[in-house]
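Hello,

Here is the structure I promised to pass on.

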Amino acid sequence: MIIAAVPGFPGNQTSLNPVGPGAGRIEGEFALIFWITAIVYCLVLIALIVYVARRRHSMSDIPEPMPTTPQSDRWAKVAVSGAMVVTVLLLFTMMIGSFVTGHALGNMNRQTAYTIDVYAHQWWWEVQYPNDEPYKTVVTANEIHVPLGVQLRIHGTSRDVIHSFWAPNVQGKRDLMPGYDTDVMMQIDQPGRWRGQCAEYCGEQHAHMSFYMVAEPNHQFQQWLEQQAQSSIAPSTPQTVHGQQVFLSHACVMCHTIRGTPAGSRVGPDLTHLASRATIAAGLLPNTIGNLGGWILNAQALKPGCSMPPNQMTGSDLQDLLAYLGTLK
Amino acid sequence: MAERVERPVLDVSHLPTVAFGTRSLTWWGVMGMMAIEGTVFVLMIASYFYLHSRNSEWPPHRNPPDLLWGTVNLIVFLVSVIPNEWYRRRARKGDLRAVRIGLVLLSLFGIGNVVIRYFELWHLNTDWSIDAYGSAVWTLMGLHVLHLVTDLVDTIVLTVLFFTSLVEGKRFQDAEENAAYWYFVVAFWVPIYLVIYWAPRWLHA
Amino acid sequence: MITTTAIESTAELTDQERLQAARLESVWREPRGWGWFKAVHHTTIGKRYAVTAFVFFGLAGLLAGGMRLQLAFPEAHILSNDLYNQFFTMHGSTMMFLFAVPMMFEALSVYLVPLMVGTRNIAFPRLNAYSYYLYLFGGLMFYVAFLCNTGADRGWFSYVPLAGPDYGPGKRPDFWAQLITFTEVSGLAVAVEIVVTVFKLRAPGMSLNRIPIFVWGQVVTAFMVIFSLPGVVLSSTMLLLDRTCNTQFFNPAVGGDVLLFQHLFWWFGHPEVYIIFIPGTAVISTIVTTFSRRHVFGYLVLVLSLVATGFMAFGLWVHHMFATGIPQIAESYFTAASMMIAIPTGAQIFCWIATLATGKVVLKTPMWWAIGFFFVFIMGGMTGIFVASVPVDLQVHDTYFVVAHFHYVLIGGAVFPLFGAIAYWFPKVTGRMMSEKLGQATFWLFFIGFNITFFPMHLVGLRGMPRRVYTYPANMGWTTLNQIESLGYVLLFIAVCLLLVNVSRSLRHGAPAGSNPWKAGTLEWATMSPPPHYNFLHLPTVNGREALWDAAPNQPVVVGLDEDVRSFLMTRSLDAEPDTRDEFPRPTIWPFLAAVATSIAFIASIFTPWGITLGAIPVAITMIGWFWPDRQPAEHRRTREIWQSE
């Protein structure tokens, strides 16, 4: 695509770089409409410019109004009628293209799709991989690993206001709304970390509510899933043991779960495998010790209005906590 | 400089100054108001049914509104049409006495309707804050109460006016239009009554 | 050449006419000083609407400047997230509710329609005054709240649950909802006035097929207002009730539904954009006609297109909700309808081009704005086809692509025609010509600035930038495009400043305009510039679609109306045959008092439900005062009554 050829085009979080059949079909309809409308636009404007230039009255006075002759209006009638016919035909073409695309998208088979549950919150994404055996259910946040080439069913709703789940490289967006259970089908055929962002204004930090869809070959995906289903590893060094104590004795437990510890609150993201995620704060920051430390101490400075309060602790407590969190792979 | 020439004229001095129905400007204004308020009612009724489609039980966990007071009000409204139409026609003839009687009668009917409406509200069997059903029922009712009360005030003011020395042709136009607006209040009560009192019974079955 | 009812100045009148003019002037004059609050003439109120709407346009434009500054740098801290969210909400709400409709529909129609149909005032003049004050007070309330850090911040359409009681703390969404109440009552009132004026107050001979296209456009718009505004009345009222009285319309936990708000809002919201656009087409038809020096080509097609657009606009609303997961059959219908509405719009465009192609094109400032309209609006129409297609919309909805789309159609479809309208009718309203040079400079600056600001938005949206974000990360590839857009704003700002300079200089030093500087054909050009308060010395009769171009050499004028009261003529709605006579009200303070009482009730009800119930009492009192007849005029009328024969 022409736009994609512009230098500096990163290729991520864009509908112009489809990595799956959903976004791919949409791009096809986009191209159809683009070419038809671009050509029509140019023709109409050229006609306008040509006629204005040719019929321009060159003197500064305003001439008397012209009587309209049957001759001139007959030609105009033919031209306008012809233009209308072409307009209708082109509109029908684009409309049928739209129906065909929509129909194809709607036909993605629900039965054999792999289901992932997404619950939108102000301003993060809760992700669950349901399993027939409940203890194998995976709960994570903001990073959605998926197997390549497999039909996916994103099944979701919102826990508060209306959000919109949108990973443009993969598929069109779908609103997640309280009171509605929503299914949207998608499939990714190219490996990579495909960025998505909430696309329905949801309040103070709508701008910082991103997620990543990590598409990987099935065996890698299964490995990841098994790892995520495990409980957290018990801390073994004095520093990490103390770090866990810091976690359990601060306000952290009011909102976060770490499976394998008494912390079980579902208000905020599940941290059991925090260290396996590449970003924190719904895609706002890379998951580094520095960023994580800053986030824990004062999330409000980084994401004002978010639900995480500042936390007071000594420097050494923070170090130990970060060391512990770093073991949660 | 432009010439001034004797020109033909269109003399309108013989045209009436008091005319009714589509020949009265305020009649059109009243029709405009009816279009607006009618649309509000239609959209509210649509919202009621939309919410019904989103609820498996309707009304949720309670009885529909009691039939008695609403039906009594319906009858009173329908009966009021008789004096309404009578005085409307007499207004077009400039019959002062008939219009005075008619307006007094309609004021009394209106007061009666308001009183009965008070009892209706106490027998809706729901509160607006409990759930969406209650909110929809009370709002639909509330819209009609608003129309009833404002029309009653209009009618009473017009009644008083007709007993002063300020009566003129324009006021007879107002009287006809007042009657037309009362028709609107009555006419919309019919579907609203059916929605509030009968829809939950029919849909339930 | 013999003129018709056009008069250059009172110097040209015969003595008899001069006496007549003086009599009319004394009956129709608008009061001075404190009498400002009693004005009831449509040209006075129309000018107030226009000035007030332009002030709001400027305020919304400044807010946009703040937004562009914040977005010029990734992760900038020029505006906090909270302030930015208020800015974009205030910008959108101001542009849509306090500028676009009040200017394109209310100001233009209130000032021009009575003149164009050949009558002395708009129908229901006191209601007209009342509607203006309500609009003004609503806008003031909205901005006072903003200055008190209680500005609306949930987007111009204020979706629930974000704006609801659980997630919209404080009073911010309540001020948004009440702004709607003020502006919607105001708009509905004017809509009824316009319909009645156009149906009943037309000059004799102005049958339906001789009504100026401008007037057709405004009457179609008026009907759209009447049937669409109730949607936003209900949705904003339900929002207020949920927030203040504990109703549960939008609470899914107890049977409520968040999409109910969206359906009711967009039932209004889609026609709303046509309410803004159709007056724009009405202006373009007028300018193209005058500056092509011929009757517009395809009058019937144009009228039918306007009516068709008005109807079809009501069938599209769900296209704003494609991302909510509606059933496929609904998707197909709304895609089809949204694309098909391009047909009547396309018909209008082709008719205008045909008019230009077969006329003599005069390139004065208004015509430049019309040409700009073609470039900008049609581009917006093209991107409209993208968003009409569900699959494509699911990628571009809620991104900067759609922000680009609607700015192209709204600025192209309303602001360009508006600036053309200003250049065109300024001579009529003020009696002076604007500077052509400054006018063309303004046009080019604005046209270039507009495209620099908004064209890149298509690209940045396709690159994934969502809308309503107060900032963005540096590594997304959006920075350069955002910076270009912000630079473009500077040109737009300068262009608007130039326009204001042109207006202010022309007011004082512009060349005298005379009654018809453009040699146009519609009736407003048949009287002095500015028009006297009685509009026309002699009420005209009409012989064709362009009243002045088609006038017979001895076109009759109307006589026989009383000249010691504000007498007017009503004609039959279809063929405009003379029908009855009536009397317009004289200046009065009651509309102002009623507006004050209404505003107090509306604003108080944000804080307590008693606001509406107790506040209704002063409203009732002022309305009774308004309606209560004055003794002397009533007696006067009674002595001269002629009843219709049954």
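A salt bridge here is a side-chain nitrogen of Lys or Arg within 4 Å of a carboxyl oxygen of Asp or Glu. This is a predicted model, in which local features need pLDDT of at least 70 and side-chain atom pairs count only at pLDDT 80 or more, while totals for chains, interfaces and linings use all residues. Residues are numbered from 1 along each chain as its sequence is written, chains are lettered from A and ligands numbered from 1 in the order in which they are written, and side-chain values use heavy atoms, with hydrogens and water left out.

Over all chains, the count is 34 salt bridges. In chain A, Glu143(A) pairs with Arg193(A) at 3.7 Å, N to O. That pair joins strand β4 (residues 143-147) to strand β9 (residues 192-197), 50 residues apart; strands (E, at least two residues) and helices (H or I, at least four) are DSSP runs, numbered from the N terminus. Glu143(A) is buried, at 5% relative accessibility, and Arg193(A) is partly exposed at 32% (buried is under 20% relative accessible area, exposed over 50%, partly exposed in between, with a 1.4 Å probe and protein chains only).

Chain C has a salt bridge between Arg172(C) and Asp153(C), at 2.7 Å from N to O. Arg172(C) sits in helix α5 (residues 172-200) and Asp153(C) in the loop between α4 (125-147) and α5. Both residues are buried. They also belong to a network of salt bridges with Glu204(A), Asp82(C) and Arg154(C).

Best wishes
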